[in-house]
Each structure stands twice: as C-alpha cells, then as structure tokens.
Amino acid sequence: MLATGDLNSYYGRSHILQGITLRVEKGEVTSIIGRNGTGKTTFLRSIMGLTDRTSGSILFEEREISASEPHERARSGIAYVPQGREIIPDFSVRENILMGAFARRDGKREVPALVAELFPYLVENLERAGGLLSGGQQQQLAIARALAADPKLILLDEPNEGIQPSIVEVIEQVIFRLNRELGLTVLLVEQNVRFVREVSHRFAVMEKGKLVVQGESGELSDEIVHKHLAV
Amino acid sequence: MVEVLFIGLSLSSILLLIALGLAITYGAMGVINMAHGDMVMIGAYVTVMSKIWLGLDFYFAIPLAFIVTALIGLLIERIVIRRLYGRLLDTLLATWGISILLQQAVRLELGLSFFGLHIEGLGPGLQKVDVPEFLRGTISFGDTELNGYRMFIILVTIALTFVTWFLLYRTAFGVQVRAIIRNPEMAAASGIDVKRVNSLTFAFGSGLAGVAGVMMSGFKTVFPDMGATLVVDGFMVVVAGGVGSIYGTILSSGLLGEINALVALASNDIIARAVVFAVVILVIILKPKGLFSFKER
C-alpha cells in the first residue's frame with residue numbers, strides 16, 4: 001500500500017532520514033520502534049509532506065506522492081495522528097472531528113458512525129471545547145479526526161505517550177479493532193514493545209535516521225529490543 | 001453629545017473595515033501587508049472613476065470596489081506573498097514596495113492631466129465624490145440630528161462585519177480559515193488546501209478595505225497617498241485589540257474611533273490623532289498582547 005524508496009529528509013542543513021526503504025502492506029499494522037530522536041516522527045511527517053525537503057520516492061497505492069502537497073496526500077487517503085495530538089483547543093469536539101473530513105473524497109462532512117461507536121464520550125460531548133478534554137480524551141479526539149477522513153492508511157505517532165493507563169488500554173483496543181475488524185492499514189510509531197508485539201504484523205527498528213532491522217513481528221526478539229531500545 | 005458619539009461610531013466603522021482585513025491576514029497568515037491601505041485608496045478611486053467613466057451611481061461602486069480590490073489582493077497574494085510565508089519582515093518590505101508601486105501607478109494614470117488631455121473631475125491627483133442626494137441630509141431622532149451619510153457608513157459596516165463573522169464562524173470555509181490560524185500544519189494534514197484558503201482570505205480582506213475606500217471617498221479627498229496613513233491606523237487597531245482576535249478588533253476600533261471623535265470635539269483633529277497614538281502606545285506598554293486578547297494564540 002505504501003512504499004518508501006531511499007527516502008531522505010532534511011531540516012535545514014541537518015540530514016535526518018538517511019535512505020529509508022520500507023513497505024507497508026495493505027491491511028497490516030507496521031510498527032516503527034527505536035530510541036527517542038532517531039527520526040521516527042520525521043519519517044511520518046515526511047510521508048505526510050510536512051518536512052522542509054525530502055528526496056527519494058514515496059509510493060502510495062502505486063502512485064508517486066513525494067511531490068504532492070500535504071492536503072493532496074491527505075485527500076488520497078492518508079490520515080495523520082501526530083505526536084502530542086495537536087487538536088485545536090478552542091474548537092469544539094465536533095469542529096475538531098469535522099476538520100478531518102476536509103480530506104474526504106466524497107465531500108461529506110459528518111461525524112462518522114464509527115467514531116460514535118469507538119468513542120462514545122466524544123459524541124456525548126460534541127459541543128465541548130477540545131482544550132477542556134483530558135490528555136487521553138484528546139488522543140481519542142485526534143484519532144476521531146483522522147477517521148473522519150475515511151482513510152485507507154493511518155499514521156499514528158506514539159498514541160499512548162503521556163496518557164493515563166486506563167485510557168492506554170482503550171486506545172490499544174481501538175487500534176486493534178481498526179485493523180483487525182475494519183481492515184484499516186496502520187503505520188505505528190511506538191515505544192511499548194509489548195503492544196508492538198501484540199498488534200503488529202511487521203516491525204522496523206530505526207537508529208540514527210536509518211532502518212537497522214526489519215521483519216515480521218514474531219522475529220522481534222528480546223535481543224533486538226535490548227540492543228536497539230535499551231537506554 | 002450623542003452627535004459626537006455618533007461621529008465617533010462612523011470613524012470606528014471605517015477603522016473596522018480597514019482593520020478586519022488586516023486582523024485576518026496578520027493574525028492568520030503572519031503577513032504584515034503594507035499595501036492594505038492602498039486597497040482603501042483603490043476602492044476610493046474606483047468610486048471616482050466608475051462615476052466618470054461608467055456613469056455609475058455611488059451605490060454601485062460598493063460591490064465594484066469590493067471586486068476590483070479583492071482581485072488585486074488575489075494577484076498580490078499569488079505573485080508575491082505566497083512566496084514569503086513565514087518571513088514576517090520580508091512580507092513587510094515586499095508589500096511596502098507593492099504599496100509604492102500602486103501609489104505611483106495611480107498617480108501616473110489618474111493623478112495629473114496627461115498630455116494636456118483633460119477629463120472632467122481630474123485634477124492634480126485630488127478627487128472628490130458626491131454622495132447621493134438621499135444620504136446628504138440629516139435624520140432626526142427627537143432632538144438629535146444625525147448625518148445620513150455617516151448613518152449609511154455605520155450600517156454598511158455592520159452588514160459587512162456580520163458577513164465576515166458568518167463566513168468565519170458559520171461556514172466550512174471559516175472552519176478552514178480558523179484551523180489555519182491555529183495550526184497550519186495540522187490543517188494541511190487534515191486535507192485543507194492552505195494556499196488556496198489563504199489567497200481567498202487575503203482577497204476577502206482586500207475587498208473589505210476597498211469598501212472602506214468607497215465610504216471614505218464620500219467625506220474625504222481622494223488622492224494617491226491616502227492609504228499610507230490608513231494602514232498605520234489599521235495596524236494600531238489590530239495591535240491594540242489583540243492579534244488574532246476578531247472581537248478584539250471590533251472593540252478596539254470602536255474605542256479608538258470614539259477617542260478620536262471626543263478629543264477632536266474638545267480640541268482639534270491633530271490633537272485627537274496624537275491622543276490616539278498615545279493611547280495605543282500605552283496599551284502596547286501595559287498589555288503587549290492587546291486589550292481584548294482572550295486567549296493565547
């Protein structure tokens with residue numbers, strides 16, 4: 001579904017991503033793990049077109065998108081849930097969700113039934129300001145916003161970072177269901193190895209802007225974890 | 001007293017029409033548009049020239065000036081400003097250059113009688129407009145006599161402010177504009193065509209300034225440099241009101257317009273302008289984020 005070929009990404013003069021080649025298969029969860037500051041977030045941002053400059057190729061559904069504007073990539077079916085959630089604090093929950101609907105190809109602007117099912121709290125509080133929600137609720141809101149675009153591929157950047165444990169479980173369940181029940185393809189950046197093993201089909205380890213190990217999730221051994229993730 | 005407050009309100013209205021456009025483009029796009037005042041000037045000239053060339057009534061100049069200045073704004077955004085997003089000082093210099101170009105172009109074309117050719121109404125760059133008969137008189141409310149034309153300015157401003165509010169807060173387009181104000185990256189990643197929305201926003205702001213020009217042409221002399229001081233007035237309103245706050249802009253234009261009118265009554269226009277400047281400086285010192293900025297950007 002998504003394939004990057006020798007993808008390089010730069011911020012100003014610093015060369016952040018160095019030749020990333022990765023395939024994300026349709027209907028699978030692919031996880032990227034690695035220590036902080038190795039370029040995982042930059043990788044997702046590069047796919048979305050939000051970095052200063054990239055070289056190399058990004059194929060999405062056999063189409064080259066590396067020259068497209070971010071909104072065109074969003075409209076072609078890639079949704080992005082960024083680190084830190086980045087919901088709009090003074091927009092209502094409804095407005096935040098509908099913001100994602102600008103990427104819908106059929107032009108419909110509605111809160112999807114799926115959101116009501118996954119996040120009943122949000123649908124009961126549509127008029128509340130997004131900034132008044134707790135961190136975990138804001139994370140749910142960011143995922144709801146992405147789902148409003150009716151995407152084919154969803155990019156999730158550390159969805160469980162800085163969230164109370166009770167909600168972590170909810171969000172893990174949601175990611176599981178989105179993939180297993182609804183067939184949504186997921187590219188996940190995650191630090192929690194237990195969850196990566198549980199949810200992913202494939203994994204890739206990033207170190208200093210390069211992918212050093214890739215494989216099926218069964219191959220994610222303690223040795224790899226120790227070598228590339230232990231602080 | 002009511003008459004003075006009323007005059008203040010009409011001054012506030014003009015200020016608001018100028019400042020609304022600036023508030024959106026400066027607040028939303030981080031662009032300091034020094035050519036904004038020249039949209040007022042062009043709006044005023046559209047009023048003059050549509051009468052001379054097309055024989056059109058004053059009322060028709062309002063939509064015409066909106067369209068002309070909005071199109072010019074769209075061109076400026078497409079050709080120059082689009083390349084300068086995120087570079088605040090560069091936008092200031094570039095749009096200042098555009099401002100000089102526009103002023104000189106108008107002066108060359110309309111400012112002087114050229115090659116001995118004389119068109120009625122054209123003098124050394126100075127023009128005036130006759131407002132329709134209907135608006136010239138006064139309207140009485142009990143003991144107070146209110147000038148009809150000033151009343152008209154206030155009504156037009158209320159209507160356009162309502163249109164702006166409706167666009168921003170009640171339409172899908174407005175959601176896109178406000179999303180870009182808050183978080184341009186996330187807006188783009190959510191499928192919003194940021195460039196397109198920005199150029200339409202810029203055009204709309206320019207169009208409002210054009211209408212302000214039509215209103216001004218009815219009671220002030222129209223000349224090529226008239227925009228230079230107006231852009232300063234507009235920015236004073238925006239900064240005093242709080243950048244990025246539409247309500248702040250509305251309240252602050254009301255405040256500054258009334259101060260101007262009240263001081264002008266007690267002394268004269270020059271002193272009034274000085275007092276307005278002093279008030280704005282005081283606001284910047286005491287509340288750097290502006291009087292009415294309810295929320296952080």
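Reader: Which residues of chain B form a nonpolar patch on the surface, and how much accessible area do they have together?

Author: Ile281(B), Leu282(B), Ile285(B) and Leu286(B) form that patch, with about 440 Å² of accessible area together. The areas come from the Shrake-Rupley method with a 1.4 Å probe, and for residues only the protein chains shown count as cover. Please keep in mind that this is a predicted model, in which local features need pLDDT of at least 70, side-chain atom pairs count only at pLDDT 80 or more, and totals for chains, interfaces and linings use all residues. Residues are numbered from 1 along each chain as its sequence is written, chains are lettered from A and ligands numbered from 1 in the order in which they are written, and side-chain values use heavy atoms, with hydrogens and water left out.

Reader: What makes a group of residues a patch?

Author: Its residues have over 30% relative accessible area and no salt bridge; like charges are joined within 9 Å, and nonpolar side chains (Val, Leu, Ile, Met, Phe, Trp, Tyr) within 5 Å.

Reader: Why is Leu286(B) called exposed?

Author: Buried means under 20% relative accessible area, exposed means over 50%, and partly exposed is in between (1.4 Å probe, protein chains only). Leu286(B) has 63% relative accessibility, so it counts as exposed. Its place is in helix H12 (residues 269-286) of chain B. Helices (H or I, at least four residues) and strands (E, at least two) are DSSP runs, numbered from the N terminus.

Reader: What makes Arg273(B) and Asp233(B) a salt bridge?

Author: A salt bridge is a side-chain nitrogen of Lys or Arg within 4 Å of a carboxyl oxygen of Asp or Glu. For Arg273(B) and Asp233(B) the N to O distance is 3.0 Å, and their side chains meet in a salt bridge. The pair links distant parts of the chain, 40 residues apart, with Arg273(B) in helix H12 and Asp233(B) in helix H10 of chain B.

Reader: Are Asp233(B) and Arg273(B) buried or partly exposed, and how do you know that?

Author: Asp233(B) has a relative accessible area of 12%, so it is buried. Arg273(B), at 30%, counts as partly exposed. Asp233(B) also lies 9.5 Å from Val276(B), C-alpha to C-alpha, and these two are 43 residues apart in sequence.

Reader: Why does the salt bridge of Asp90(A) and Arg182(B) join two chains?

Author: The side chains of Asp90(A) and Arg182(B) meet at 2.7 Å, N to O. Asp90(A) lies in the loop between strand E6 (78-81) and helix H3 (93-100) of chain A, and Arg182(B) in helix H7 (residues 172-182) of chain B, so the pair joins two chains. Asp90(A) is partly exposed at 27% relative accessibility, and Arg182(B) is partly exposed at 31%.

Reader: How many salt bridges are there over all chains?

Author: The count comes to 19. One of the pairs is Arg194(A) with Glu172(A), at 2.9 Å, N to O. Arg194(A) is in helix H8 (residues 193-199) and Glu172(A) in helix H7 (residues 165-180) of chain A, 22 residues apart. Glu172(A) counts as buried at 7% relative accessibility, while Arg194(A) counts as partly exposed at 42%. There is also a network of salt bridges linking Glu117(A), Arg177(A) and Glu181(A).

Reader: What makes helix H1 of chain A mostly covered?

Author: Eight of the nine residues of this helix (residues 40-48) are buried. Among them are Phe43(A), Leu44(A) and Ile47(A). After H1(A) comes Gly49(A), whose phi is positive, near 85 degrees.

Reader: Why is Leu2(A) called buried?

Author: Its relative accessibility is 2%, so Leu2(A) counts as buried. Leu2(A) is in strand E1 (residues 2-11) of chain A. Its C-alpha atom is separated by 5.0 Å from that of Val24(A), 22 residues apart along the chain.

Reader: What is the phi of Glu61(A), and what is that of Asp150(A)?

Author: Most residues other than glycine have a negative phi. Glu61(A) has a positive value, near 50 degrees, and Asp150(A) has a positive phi of about 50 degrees although it is not a glycine. Glu61(A) is in the loop between strand E4 (53-60) and strand E5 (63-64) of chain A, and Asp150(A) lies in the loop between helix H6 (135-147) and strand E7 (153-157) of chain A. Glu61(A) is partly exposed, with a relative accessible area of 32%, and Asp150(A) is partly exposed, with 41%.
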